[in-house]
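We will go from stop to stop, selecting a few residues each time.

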Amino acid sequence: MIRALSDAISRGERAALRALVLVLPLMVLINVAGRALKSPIFWLDELAVLMMVWLAMLGLSVTLRSREAVAVTLLTDAVPAGLSKLLRCAADLVVLGFALAMLVLCYLWFDPVTLWRSGFDFDAFAAESFNFVYQEPTATLGVPKFWFWLILPLVAFTSAIHALANLLDSLRAPFPVPGSESAAAVGSGE
């Protein structure tokens with residue numbers, strides 16, 4: 001079930017990535033043309049930067065799911081297969097721990113309970129918590145930044161789902177039988 005949920009989330013993330021990859025160069029090209037015509041669109045620059053952040057965050061989550069992140073495998077390649085599986089499980093646990101920690105930090109930052117208690121009044125929330133996350137506007141768009149920052153808890157949640165699915169996949173992988181590594185290596189011509 002976790003695997004199916006992770007795969008469905010990954011498909012949605014990949015669709016969003018495709019859309020961002022198409023829209024981002026268009027925004028940059030429009031702004032380049034505007035600058036050439038001495039009529040730059042300043043808010044388009046800011047929006048492009050914010051979209052690049054979204055692109056990077058969604059890319060992080062997709063990369064975690066597909067296990068295509070840059071990794072140093074010197075140790076896992078040098079140890080026996082059984083120990084390599086344990087190291088892979090440990091790495092999956094670290095990624096899951098990081099994603100859960102990020103989710104907790106986002107929860108503390110956005111503080112939805114205090115926001116709800118203050119009746120979704122951003123001024124009352126800021127006065128009660130001294131947290132101005134909901135009041136800070138973007139420089140040129142004039143939109144509250146928290147709308148763009150919502151990518152952080154979203155990616156923390158999806159990364160946790162992906163990390164859990166990867167951990168379960170790693171745990172389900174059979175432990176190799178001792179001595180079978182050398183037989184497989186001989187049979188493969190190594």
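A salt bridge here is a side-chain nitrogen of Lys or Arg within 4 Å of a carboxyl oxygen of Asp or Glu. Keep in mind that this is a predicted model. By that rule, the count is 9 salt bridges.

**Stop 1: a pair in helix α1**

Select aspartate 7 and arginine 3. They form a salt bridge, with the closest N and O atoms 3.5 Å apart. Both residues sit in helix α1 (residues 2–36). They are 4 residues apart, about one turn of the helix.

**Stop 2: a pair in helix α8**

Move to aspartate 169 and arginine 172. Their side chains meet in a salt bridge, 3.8 Å from N to O. The two are 3 residues apart in helix α8, so about one helical turn separates them. Aspartate 169 is partly exposed, with a relative accessible area of 23%. Arginine 172 is exposed, at 59%. Which residues do shared partners join into one network? Select Arg3, Asp7, Arg65, Asp169 and Arg172: salt bridges that share partners link them into one network.

**Stop 3**

Next, select arginine 117 and glutamate 128. Their salt bridge has its closest N and O atoms 3.2 Å apart. This pair links distant parts of the chain, 11 residues apart. Arginine 117 is in helix α5 (residues 112–117), while glutamate 128 is in helix α6 (residues 122–129). Arginine 117 counts as exposed at 52% relative accessibility, and glutamate 128 is partly exposed at 43%.

**Stop 3: α2 beside α8**

Switch to a cartoon view. Select helix α2 (residues 42–66) and helix α8 (residues 151–172). Their axes come within 8 Å and cross at roughly 10°. Angles under 35 degrees count as roughly parallel, so α2 and α8 are roughly parallel to each other.

On the α2 side, select Trp54, Met57, Leu58, Leu60, Ser61, Leu64 and Arg65. Their partners in α8 include Ile151, Leu152, Val155, Thr158 and His162. Colour this contact by residue type: its residues divide into 9 nonpolar, 5 polar and 2 charged.

Now check the length of α2. At 1.5 Å a residue, its 25 residues should span 36 Å. The end C-alpha atoms of α2 are 37 Å apart, which agrees. Step past the end of α2 to arginine 67, whose phi is positive, near 60°.

**Stop 4: along α4**

Select helix α4 (residues 81–110).

Which residues of α4 are buried? Among them are Gly82, Lys85, Cys89, Asp92, Leu96, Met102 and Phe110. Compare alanine 91, which also lies in α4. Alanine 91 is partly exposed, with a relative accessible area of 40%.

Finish just after α4, at aspartate 111. This residue takes a positive phi of about 45°.

Technical notes: Residues are numbered from 1 along each chain as its sequence is written. This is a predicted model: local features need pLDDT of at least 70, side-chain atom pairs count only at pLDDT 80 or more; totals for chains, interfaces and linings use all residues. Side-chain values use heavy atoms; hydrogens and water are left out. Axes are lines fitted to C-alpha atoms, for helices over the stretch in contact, and angles run from 0 to 180 degrees between N-to-C directions. Angles under 35 degrees count as roughly parallel, over 145 as roughly antiparallel, 65 to 115 as roughly perpendicular and the rest as oblique. Contact means heavy atoms within 4.5 Å. Ala, Val, Leu, Ile, Met, Phe, Trp, Tyr, Cys and Pro count as nonpolar, Asp, Glu, Lys and Arg as charged, and the others, Gly among them, as polar. Buried means under 20% relative accessible area, exposed over 50%, partly exposed in between (1.4 Å probe, protein chains only). The expected span of a helix is 1.5 Å times one less than its number of residues.
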